[in-house]
Amino acid sequence: MPDPILELQDVRTHFPIHEGFVIRRQTGTVKAVDGVTLSVRRGEVLGLVGESGCGKSTLARTIMQLVPTTGGTVILEGKNLTAGSAAEIRNVRHDLQMVFQDPFASLNPRMTVFATLAEPLLVHGRCTAAEATREVAELMQLVGLAPRFMQKYPHEFSGGQRQRIAIARALALRPKVIIADEPVSALDVSIQAQILNLLSQLTRKMNLSLVFIAHDLSVVKHISDRVAVMYLGKIVELGSAVEVIEHPQHPYTRALVSAIPVPDPDIERNRRRIVLPGDPPSPINPPAGCAFHPRCPHAKEVCRGAVPPLVTHAGREVACVRLGEF
Amino acid sequence: MPLLSVKDLRTYFHTRNGIYRAVDGVSFDLDRGETLGIVGESGSGKSVTCYSLMGLIPQPPGRIESGTALFDGVDLLRATPAQTRAIRGKRIAMIFQDPMTSLNPYLRISEQLIEPLLIHEKLSKTEAMRRGLAMLEAVGINDAAKRIRYYPHEFSGGMRQRVMIAMALITKPEILIADEPTTALDVTVQAQILELIKKMQQELGMAVIFITHDLGVVSGLCDRVQVMYAGRIVETSGTRELFREPRHPYTRALQHSIPSLQAKGSELFTIPGMPPDLSKPLAGCAFAARCPQAADRCRQETPQLAPWKPGHQQACLRVQAGEI
């Protein structure tokens, strides 16, 4: 792997379930992220897709060290974050920033744009209070906002503009890696395209690495170099974005791709769609063997046995024991 | 004669910051058994149009300023409370975007599901329960006899949307209004729900008004599509024609901004700017400020929806004049 900036090795994030009030005891575990190994190269956009509840947001929070890891390591530029103390993590936080899904909830409604963007700069001592105005103006221009709106509050902006403010806040400390958790899901199509363009321009201009989480495969295909597909806390397919989405190999990726409605009536009405039965199973009691087997159209006895490992197949990594048999 | 005929509907909201023209002169017909898609971005008035028909606009601040909506001889906009009660939930039913908030968390599914039957068809409770069970099975809920006793929180999002659909269809309505019913769901579950709506429509022969912002969903489901922008219809035609030959610059721009239709690596096409503030008076075409082909005339004259071809209407002055 040439020049990885962020490496995850067998990362696991489990949440205990407690029951009882007087006698509290642990009755189960939610295995939100269960053994994820992947790496992100410098300047690369890695897409992370999956249905709700598959653990993609928990993985994002685990990388950010916002939730404690149960096992495995997160390494940022050779520094092991999972073993670091709170102070050590604080020292590298500026290299690792996050953009959240809902720009209505992730900005403080009582802080002006100036206050929001100047705070990280001042806390990390990147500039003096006197220089802050100039720095903030520069940041605003970077994300396509006019600096004259500096003293306005979040409610005075539209959803797309608010997401621009959130991106500017993440960029304030010139990070090396940005984790964007569904940054365009709450926006309209025409605004979505503006934010996607902005993100890909910025990654190129600043040589940023971006982990882009989404459930919309067409968006992911457009912005990402590589894509990882998650199902129930594990990666089931990982490879070049175009390859994985145009020629999916794992039965789950195939179903996911086929579920996207195509905006063309002739294609849409004539194609065969794989409609998966049921809902994703619960990560509290994941099915034995391959977690996808109860919904998989190709499942056989062998799939109930062991958890399939990621193996190299057709130029990408896939976790399915029946590859090439269907 | 169309099943539902809406003429010049105007719904304004009188707020402290001015009069917000959410729906500003919308006219359309809906035929028996037809599926009509209403497409537009947030704030384009697609939901308010349907809420107005259902009498669900909070008044004040909302007010229906003008228009008629004839359904079987009754003007839905001026119906008496008794007339509304006889139609709403019985002959015209609605499902909503968020199945988490549109079910009552304190009531078992059974009670919510059979309520329309007890009210509209005056069935006995046993008879209603029998119909309710059959309906739950029809929408694909396994083990319905047990699950009908569940509370909403015991279901997943997709299952709750199935329950919502069962509730809406239990009285065999003539029109189903679906307000972004799959927006809050995962793609795999969305595919299940769209299949279900198609299946139920074939079985019951009802007309469907499907509100969405996703052109992909429209392409597989709807017979006819109308595109809304800033409270008005800018283009309406058969689905196939709309995708093959969109005439209005906004429809074209909307189609171009879908990421899956664009080459990877290139800059995504975007519509510059934002939709207009509907509380400010608007001269000319509402899209003129963002339109790459706008002429001076577009900022002065207000365009009207006019036939372009049989069954295809659009509201662009320059297209109507044959200039573009």
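A polar contact is a pair of N or O atoms within 3.5 Å; within protein, one must be able to donate a hydrogen and the other to accept it, and residues adjacent in sequence count only if both atoms are side-chain atoms. By this rule, 10 residue pairs are in polar contact across the interface of chain B and chain A, both residues at pLDDT 80 or more.

This is a predicted model, in which local features need pLDDT of at least 70, side-chain atom pairs count only at pLDDT 80 or more, and totals for chains, interfaces and linings use all residues. Residues are numbered from 1 along each chain as its sequence is written, and side-chain values use heavy atoms, with hydrogens and water left out.

The model has an ipTM of 0.77 and a pTM of 0.84. For chain B, the average pLDDT (the predictor's confidence in each residue, from 0 to 100) is 88, and 98% of the residues score at least 70.

The table gives the contact counts, where contact means heavy atoms within 4.5 Å.

| Chain | Residues in contact with the other chain |
|---|---|
| Chain B | 45 residues |
| Chain A | 38 residues |

Three salt bridges are found across the interface of chain B and chain A; the term requires a side-chain nitrogen of Lys or Arg within 4 Å of a carboxyl oxygen of Asp or Glu. Asp264(A) and Arg244(B) form a salt bridge through their side chains, at 3.1 Å from N to O.

Away from these counts, Asp31(B) is 261 residues from Pro292(B) in sequence and 35 Å from Pro292(B) in space, C-alpha to C-alpha. Beyond neighbours within four places in sequence, Asp31(B) is in contact with Pro2(B), Leu3(B) and Ala207(B).

Methods: Chains are lettered from A and ligands numbered from 1 in the order in which they are written.
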